[in-house]
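Thanks for making time this morning. I would like to walk you through some charge pairs, and then through a domain interface.

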Amino acid sequence: MIKHDKKTGIITINTKNTTYQMQADTHGILLHLYYGRKIHFDASHTIQYADRGFSGNPYDLGSDRTYSLDALPLEYPFYGEGDYRNPALIIKNEKDGSLGLDLRVSDIEISKGKYSLKGLPASYGAENEAETLSVTLKDSITGLTVRLLYGVFEGYDVITRAVKLTNEGTAPLTIKKAASAALDFLYGDYRLISFYGRHAMERNLCDSLISHGRLSIGSNRGTSSHQYNPFVILADSGTNEDFGGCIGVHLMYSGSFEISAEKDQYDQTRLVAGLSGICGELDWLLQPGEDFDTPEVILTYSKDGLTHLSHNTHSFINNCVIRGSFKDKRRPILINNWEATYFDFDGERLINIAKDAKNLGIELFVLDDGWFGKREDDNTGLGDWKVNTGKLGMTLGELSRRINELGLSFGLWFEPEAVSEDSDMYRAHPEYCLRIPSRPPVRARYQLMLDFARQEVVDFVYEMLVDIFDNANISYMKWDMNRSLSDFYSDALSKDRQGEVSHRYVLGVYDLLERLIKRYPDMLIEGCSGGGGRFDAGMLYYTPQVWCSDNTDAIDRLFIQYGTSFGYPISAVGSHVSAVPNHQTGRTTPFNTRGIVAMSGTFGYELDPAKLTDEEREALKTQIERFKKDYDLIRHGDYYRLTSPYSDKELCAWMFVSKDKKTAVINAVSLNNHGNPVFKYINPKGLIPDAVYHIEESDEAYPGDALMYAGLPLPYALGEYEGIQWHLNLT
Ligand code: DGJ
């Protein structure tokens, strides 16, 4: 619910449990008053004024030296009127090269339903589910209009933000920086919880105190990246899983970005989140009459710790970000041939894997890299999206038909944004790739990237893909992307617009995805970028699931999936059982453990079933039956992290509890073995304290409080990396 009090200028946004407040003060400056647990009054009494040395004062305030933008909490801080902290907006006036700006409130509108953004992913909600607040700010000198947009999802405790910039002046402007949101806090100690990583080891948790000196994470790579995820949590200093205030910040964007936090000279904290250009600078030319939309930021506040915060973000992403038929439909259990064959296959070998998979209960066969062009290894062929009939020994139509005849659906791998120099596409259109004319390009995995900032290139790729999808029965697409971008130069843009390439590239990716999902609404697209290099809320708007990591080792996955779970729902987490010794780590883990870990995701296999023992084949069948049985619980239940693999070195445990709390599944994996082992216990969460639960595996029954507060003992002396599941049902 949004309220605007015209007398005081105070705007209050209330959701079920939270309040967000701002005020257009008497000077037209938009102050940020409050974001946190629900309050029933306004927070304007918290704003104090003092004469602060070296903090400048706007000219129109005359002799009042106590009013400084450098000291006040601001809703959308801009550079140019005396605020020297990290700004959200920096604009260059191309008429004289100046960076000045003075934004004052000119209009406030409230409407039903949720705003949308041009060419960008944005969460959605029906008119009775969401409201939009639009606050317009204007700079009288440049004619820049800034519309701050707020999407309010009362029932989800979510507020989204985005910004629309319009040049209503007569001279060109350059957007040097345009963040999606800033949050100012008058006092307090906060932590920034962020998720860093690398290829095959994504989303490790990093918990840092925000102090004096800027703490900044982001990506310079043209993708959201393996290295830093565009989801962070701003937490009160004492917050843990079950108690304390915290704010989840999802930047819904798949390109370069920056999220930074800093305590200022007056011990006030500011967080700024938004897209960035090459090495931070955006450089987007805004001619008179043009406009620019920033990506959306999704904010949610929890007063009850990190678990509740995750529940909020999980249900919001599941219901208001993920779209299409697979939003609600059960996702198929798949087998992917990548780790089974890599590039070494022909049609018959694939059909044999599929046949075996079908007998074991698998539903979808996915043909990964190597089926097209002259792609015998990763040096060639990208861009030639035509089937290699010589290698397969059949057409794609025939292969998909034979797979379908086995009773499996058929999926296919693509890397639509990339091109190999050794490809017909590159030979015909070298100008289609990103490259700086005067320099040789940077190679990675021996490939270049196509210039998706150029409409003609996006159209060209679209036509090639359509030609394939229209001629074979393909129900799933794996959209891969295997390098960081570089050489941000587009032949299609003038010299003064080259700074726009990195963002235009992302818009091109979104455009192609949007066209594909419109044309093939029943096709499931799984995102991937060398695993989880583009695992973000932006991609989830187009691809309901994303391959979480190229690392399929069950133990490393415990860490990766733990970190991922803070911001992203299980429905988004692509995870497979693979062979041992694991191809990435060399580690051998029990088949059961691999199943338990992969089931906390979309679930599938990435191995050659012919190489399994009879015992493993039986276990595989049981896993599939179990997963199907537990599907609703895992997919729609609440996810609880019971231990942290970072601090609990002995054990990793997590669980799912159905919304009605009648069923639950507890998962635990032993991380360490010792002589003369100690007894291990876990404390389940989310159960009804005075209800009795029957444990399927042990055929015992205990009240919820006995399990949650007294604890659940694990079997003595667990084997190496042994995994356990307990299924709980209300008696
Ligand atoms: C990287 C992906 O993450 C893998 O799963 C696989 O598809 C390879 N690319 C294929 O090149």
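**Charge pairs and a domain interface**

Lysine 114 forms a salt bridge with glutamate 296, with the closest N and O atoms 2.8 Å apart, where a salt bridge means a side-chain nitrogen of Lys or Arg within 4 Å of a carboxyl oxygen of Asp or Glu. This is a predicted model, in which local features need pLDDT of at least 70 and side-chain atom pairs count only at pLDDT 80 or more, while totals for chains, interfaces and linings use all residues. Residues are numbered from 1 along each chain as its sequence is written, and side-chain values use heavy atoms, leaving out hydrogens and water.

Both lysine 114 and glutamate 296 are buried, that is, under 20% relative accessible area with a 1.4 Å probe and protein chains only, exposed being over 50% and partly exposed in between. A second salt bridge joins lysine 164 and aspartate 293 at 2.9 Å, N to O, and both of these residues are likewise buried.

What about glutamate 290 and arginine 497, which form a salt bridge: how far apart are their closest N and O atoms? The distance is 3.2 Å; glutamate 290 counts as partly exposed at 28% relative accessibility, whereas arginine 497, at 13%, counts as buried.

Turning to the interface, 33 residues of domain 1 are in contact with 33 residues of domain 2, contact meaning heavy atoms within 4.5 Å, and the domain bounds come from an automatic or database assignment. Between domain 1 and domain 2 the count is 0 salt bridges, although the structure holds 53 of them.
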